[in-house]
Amino acid sequence: MYRLLLILPLCLVLALPAAFAQSRKKDRSETGKEDQDKKKRSDLDLFSSPDEEETSQEPSIDLSKRIVVDDQALQEVIRSGRYRVGPGDEFLVTVGGDVRKTVSVPVSAQGYLVIPDVGATDLAGVPLGEALKRIQETIQSRYRGASVIVTLGQLRVFPVSVLGYVKRPRQYLARGVDCVSELILRAGGLPQNQGVLPSMRNIQILRPDRREGLASATPPDSLTTGQMRVVGRADLLLWHRTGDPAYNPFISDGDVIRVPVKGDSIGIYGAVNKEGFYEFAEGDRLSTLIQLGGGLVDGADRRRAELLRLTDQGTTQMEVELTAVLEGDPAHDLVLQKGDRFHVLLDKKLVTVEGEVKFPGPYPIQEGKDRLRDILERAGGVTAEASLEQASVVRWSGGDVEDPEFERLKSFAPAQLTKEQQDYMRFKTGEKAGQMAVNFVRLLHDHDESENIVLSRNDRIIIPRASKTVTVSGQVTSPSAFLYNPAYRVQDYIRLAGGFSKMAQEKNVRVIKGKTGKWIDADDVQQVEPGDTILVPEKPPRDGWRMFLDGMQVVSTIVSIVYAAVLIRVATK
């Protein structure tokens with residue numbers, strides 16, 4: 001009997017490490033397989049959109065077929081002066097007068113246009129407008145007095161590489177009337193959900209360091225950095241805002257289009273059409289930022305504005321003569337720096353009402369007199385779709401700037417953050433700069449006059465539309481938003497999302513209330529409401545060594561108890 005009691009703890013001690021090792025081996029196998037699958041998905045997502053097949057191919061271009069130049073495209077490249085003639089271009093030459101004939105003449109591989117009975121003209125790398133003029137002068141020198149009509153009849157086709165953060169980076173066939181945006185769209189466009197955001201304003205155009213306009217026998221994507229030079233930049237966001245073709249240049253033989261990661265930002269707020277932060281590009285000025293912001297709204301103060309700049313000594317606030325900026329005065333149209341924020345004021349004492357009111361827009365106020373309810377009544381009152389619980393008043397303070405640490409942490413996956421960093425992100429995400437403490441429900445339903453605050457110039461009254469969905473996020477099979485059903489509880493929405501995933505921490509589900517932004521334990525939620533988010537967290541990584549030590553401590557305790565029992569039994573025998 002005593003021997004059995006002594007052997008039993010020893011067996012437990014020997015068996016625990018073996019079982020632990022087997023468990024670890026299985027965990028590593030499953031985790032390794034999941035990590036490999038994640039890596040594969042990540043690489044695939046980086047280069048192609050989820051709804052595209054891997055076998056998708058670029059439509060082939062038959063080089064033997066004539067490519068007729070569209071009149072509108074041709075006129076655009078002629079006006080731009082940026083299309084340069086090269087080998088493969090073909091001209092139609094019509095000579096009138098005593099000598100009547102029409103010939104089709106291609107540009108040779110050496111860049112010469114050889115016209116029968118006339119001679120050769122060097123057109124390599126020559127702008128199209130200059131090339132047409134040279135051809136006419138050459139023919140007229142041979143046939144004096146003859147009328148000459150020269151047109152570009154066929155465009156050459158050449159390879160262009162699209163690299164970087166596009167969905168399908170590879171080499172494509174292009175023509176001289178194609179712009180950067182067309183090649184990026186052909187490459188699948190810019191990915192939106194790949195962990196990093198692609199640049200829209202700093203897209204580089206690289207060209208082999210050789211005589212411009214001649215075809216290269218070396219594939220562009222095999223050239224070393226020393227053989228390439230940056231010859232231009234495409235700014236697709238400004239092109240979209242302004243329509244200026246200079247921001248979306250035409251491509252040339254052997255070009256490489258490279259899309260980098262989105263860089264630092266600059267911001268514009270106040271009396272503009274599109275407030276927000278925009279990607280910074282070298283050379284940006286205040287006028288550039290106004291263009292990015294969609295221009296000034298009616299009622300904007302065109303005399304003065306405020307520029308906030310973050311320096312080593314803190315935030316510097318500068319007053320800007322906006323009239324001089326709009327007139328293009330370089331002394332006032334300041335060159336911007338990363339992180340700058342520009343605030344355009346309103347000319348009058350106005351507040352802006354946005355969202356679910358009958359008549360949204362700017363409203364003049366008597367500062368120190370007009371209150372929140374007064375302006376809401378002038379705006380026709382709130383609509384039936386309004387969410388009073390989420391309504392807010394935002395007051396411009398002039399001191400809220402972009403948080404560099406918050407922007408840095410946003411680039412990491414939640415699992416990579418420490419608990420303190422996650423708490424910081426949660427706090428900053430829920431933080432709304434300049435938001436006043438106003439309860440619209442008590443103001444409009446309970447007629448609580450303590451919520452009827454006095455408004456100030458440039459205040460924004462924001463009345464969002466009430467959400468009709470409930471979002472299920474995190475470790476579920478199919479995270480998504482579902483239509484609200486008053487009869488559904490938390491578990492019902494999780495079931496709609498396909499149930500818990502293998503990595504779900506089922507006992508730590510949280511509900512983020514849409515009305516208040518508060519995080520509540522799912523067990524404490526009496527009623528799920530429209531706009532709520534159900535968050536299923538991921539299981540924390542298991543610390544195998546800690547588990548082993550804890551197990552050994554338990555076994556050690558058992559052994560001590562058994563030995564104590566044996567000793568007591570022997571002593572009392």
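Let's start at a meeting of charge and ring: Arg 142 lies over the face of Tyr 143, 4.9 Å from the ring centre. A charge is said to sit over a ring if NZ of Lys or CZ of Arg is within 6 Å of the ring centre and within 35 degrees of the ring normal. Before going on, note that this is a predicted model, where local features need pLDDT of at least 70 and side-chain atom pairs count only at pLDDT 80 or more, while totals for chains, interfaces and linings use all residues. Residues are numbered from 1 along each chain as its sequence is written, and side-chain values use heavy atoms, leaving out hydrogens and water.

Arg 142 also brings us to helix α3, which covers residues 128-142. (Helices, H or I with at least four residues, and strands, E with at least two, are DSSP runs numbered from the N terminus.) With 15 residues, α3 reaches 22 Å from its first C-alpha to its last, close to the 21 Å expected at 1.5 Å a residue; that expected span is 1.5 Å times one less than the number of residues. Which residues of α3 are buried? They are Leu 128, Ala 131, Leu 132, Ile 135 and Ile 139. Seen down the axis of α3, the buried residues fall within an arc of 100°, so they line one face of the helix; the arc is that of the directions from the helix axis to the C-beta atoms. Buried means under 20% relative accessible area, exposed over 50%, and partly exposed in between, with a 1.4 Å probe and protein chains only.

Next, find the open sheet of 5 strands, in the order β12-β11-β15-β13-β14 with mixed pairing. Two strands pair if DSSP finds at least two bridges between them. β12 (276-279) and β14 (314-321) stand at the edges with a single partner strand each, so one side of each is left without a neighbour in the sheet. Inside the sheet, 5 bridges join β13 (residues 300-311) to β15 (residues 341-346), and these two run antiparallel. Here Leu 307 stands opposite Phe 342 in β15.

Finally, look at Tyr 269. Arg 341 lies over the face of its ring, at 4.0 Å from the ring centre. The rings of Tyr 269 and Phe 277 have centres 6.0 Å apart and planes at 70°, so this pair is edge-to-face. Rings of Phe, Tyr and Trp (its six-membered ring) pair if their centres lie within 6.5 Å; planes under 30 degrees apart count as stacked, over 60 as edge-to-face and the rest as tilted. Tyr 269 is buried at 18% relative accessible area, whereas Phe 277, at 30%, is partly exposed.
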